[in-house]
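Here is a short note to read beside the model. Please keep the sequence and the 3D view open as you go through the points.

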Amino acid sequence: GGVFYNDQNEEIYTFSEYLDDATNNEAEYSALIKGIECGLDLNLINIHIYSDSELVVKQVNGDYKVKNDRMKKLYKETYSLLSKFKSWSCTHVLRDKNKVADKLATDGRLKGK
């Protein structure tokens with residue numbers, strides 16, 4: 001799940017989706033990719049991404065290498081999409097600072113049950 005805010009910190013768009021048979025890290029990347037695609041659909045030029053997945057943030061920012069082949073595919077897709085923005089940033093936040101997106105992710109999991 002994910003949420004978009006405008007510069008006034010007002011919620012402008014949310015999404016929530018069930019991902020069958022995905023590992024936790026694959027689900028984090030898939031949510032990131034879905035969010036980036038939504039940002040492109042919203043015609044955003046710049047995007048600031050906040051994620052509670054430290055692994056994904058550190059991989060996207062180049063601090064960690066991506067070793068798993070399935071994760072490499074998601075990483076490459078992420079970078080391909082990010083290249084379409086004028087600028088982007090990716091920042092790690094604690095889960096309690098990401099409550100709306102965390103609830104949307106939970107809602108997505110519940111859709112699959």
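1. Which residue caps the N-terminal end of helix 3? Asn-68 does: a side-chain oxygen of Asn-68 lies 2.7 Å from the backbone nitrogen of Arg-70. That is a polar contact (a pair of N or O atoms within 3.5 Å; within protein, one must be able to donate a hydrogen and the other to accept it, and residues adjacent in sequence count only if both atoms are side-chain atoms).

2. A word on the source. This is a predicted model, where local features need pLDDT of at least 70, side-chain atom pairs count only at pLDDT 80 or more, and totals for chains, interfaces and linings use all residues. Residues are numbered from 1 along each chain as its sequence is written, and side-chain values use heavy atoms, leaving out hydrogens and water.

3. Check the length of helix 3. Helices (H or I, at least four residues) and strands (E, at least two) are DSSP runs, numbered from the N terminus. The 14 residues of helix 3 should span 20 Å at 1.5 Å a residue, and the end C-alpha atoms are 20 Å apart, which agrees. The expected span is 1.5 Å times one less than the number of residues.

4. Met-71, Leu-74, Thr-78, Leu-81 and Leu-82 are buried (under 20% relative accessible area; exposed is over 50%, partly exposed in between; 1.4 Å probe, protein chains only). They cover an arc of only 100 degrees around the axis, which puts them on the same side of helix 3. The arc is that of the directions from the helix axis to the C-beta atoms. On the other side, Asp-69, Lys-73 and Lys-76 are exposed.

5. Now look at Thr-78. Thr-78 counts as buried because its relative accessibility is 0%. A polar atom of its side chain lies 2.8 Å from the backbone oxygen of Leu-74. Beyond neighbours within four places in sequence, Thr-78 is in contact (heavy atoms within 4.5 Å) with Tyr-29, Leu-32, Ile-33, Ile-36 and Val-60.

6. Finally, the rings. Ring pairs link Tyr-75, Tyr-79 and Trp-88 into a cluster. Rings of Phe, Tyr and Trp (its six-membered ring) pair if their centres lie within 6.5 Å; planes under 30 degrees apart count as stacked, over 60 as edge-to-face and the rest as tilted. Tyr-75 and Tyr-79 are four residues apart in helix 3, so about one helical turn separates them. Tyr-79 and Trp-88 form an edge-to-face pair: 5.6 Å centre to centre, 90 degrees between the planes.
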